[in-house]
Amino acid sequence: MTGENQRVDPSQSPSAVPAPPGPPAAASRARRLAAPVLTVAAAALAFAYVGAVDPNEPGHYPVCPLFRLTGILCPGCGGLRSAHAFAQGDLITALGANALAVAGYFVFAGYMALWLVRAGRGAPAPRFVLRRAWAWALGPVVLVFVIVRNLPFGSALAP
């Protein structure tokens with residue numbers, strides 16, 4: 001039994017090569033922040049465009065295909081008008097155009113803030129996991145929103 005169970009420490013062998021130095025701290029920080037910063041920049045550009053080009057003027061954006069074919073407002077109908085009003089700073093009009101979209105803007109902003117903070121600290125990006133209970137709760141909320149906004153008494157939710 002000579003040498004079968006002996007372990008060799010590679011750091012003590014003469015052929016061990018030291019690991020190359022890692023990237024500078026500033027470069028790795030910039031690399032970690034690149035994805036969230038670019039995502040925020042893309043969202044800001046999209047909101048700036050929608051804020052500048054009014055969706056209430058015909059011809060700038062396509063019409064919702066579900067609304068065009070059936071006359072039924074989908075959960076996203078009024079989302080561009082909502083984004084336009086939100087970009088203009090008119091929260092009441094944004095809520096009137098599509099309250100569900102406004103809630104989505106705030107959820108997105110919170111997620112992006114969390115991602116930026118975690119990337120700055122070197123932590124992994126937050127995972128967006130919708131648990132089964134939340135999915136079962138969110139589905140009926142969206143369904144009720146769609147049904148009510150298409151009924152005469154729910155006209156306040158229609159864009």
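## Close-up views of a predicted model

**View 1. In helix α3, the residues Gly79, Ser82, Ala83, His84 and Ala85 are buried.** Buried here means under 20% relative accessible area, exposed means over 50%, and partly exposed lies in between, with a 1.4 Å probe and protein chains only. Helices are DSSP runs of H or I with at least four residues, and strands are runs of E with at least two, numbered from the N terminus. The model is predicted, so local features need pLDDT of at least 70 and side-chain atom pairs count only at pLDDT 80 or more, while totals for chains, interfaces and linings use all residues. Residues are numbered from 1 along each chain as its sequence is written, and side-chain values use heavy atoms, with hydrogens and water left out.

**View 2. The largest nonpolar core is made up of nine residues.** These are Val50, Val53, Tyr61, Ala83, Ala85, Ala94, Ala101, Val102 and Tyr105, and such a core joins buried Ala, Val, Leu, Ile, Met, Phe, Trp, Tyr and Cys residues through side-chain atoms within 4.5 Å. Two or more residues of this core are given by each of α3, residues 79–87, and α4. Helix α4 supplies the largest share, with four residues.

**View 3. Helix α4 holds both asparagine 98 and isoleucine 92.** Asparagine 98 counts as buried because its relative accessibility is 0%, whereas isoleucine 92, at 66%, counts as exposed. Although asparagine 98 and leucine 157 are 59 residues apart along the chain, their C-alpha atoms are separated by 6.8 Å.

**View 4. Tyrosine 49 and tyrosine 61 form one of the seven aromatic pairs in the structure.** Rings of Phe, Tyr and Trp (its six-membered ring) pair if their centres lie within 6.5 Å, with planes under 30 degrees apart called stacked, over 60 edge-to-face and the rest tilted. The two tyrosine rings have centres 6.2 Å apart and planes at 85°, which is why this pair is edge-to-face. The pair links distant parts of the chain, since tyrosine 49 belongs to helix α1, residues 25–52, and tyrosine 61, 12 residues apart from it, belongs to the loop between α1 and α2, residues 65–70. Tyrosine 49 is partly exposed, because its relative accessible area is 47%.

**View 5. Tyrosine 111 and tryptophan 115 form a tilted aromatic pair.** Tyrosine 111 is partly exposed at 25% relative accessibility, whereas tryptophan 115 is buried, with a relative accessible area of 17%. Elsewhere, Phe47, Phe86, Tyr105 and Phe106 form one aromatic cluster, and among these residues Tyr105 also belongs to the largest nonpolar core.

**View 6. The structure holds zero disulfides, a disulfide being a pair of cysteine sulfur atoms within 2.5 Å.** For cysteine 64, which is in no disulfide, the nearest cysteine sulfur is that of cysteine 77, at 3.5 Å. For cysteine 74, likewise in no disulfide, the nearest cysteine sulfur is also that of cysteine 77, again 3.5 Å away. Cysteine 74 counts as buried because its relative accessible area is 17%.
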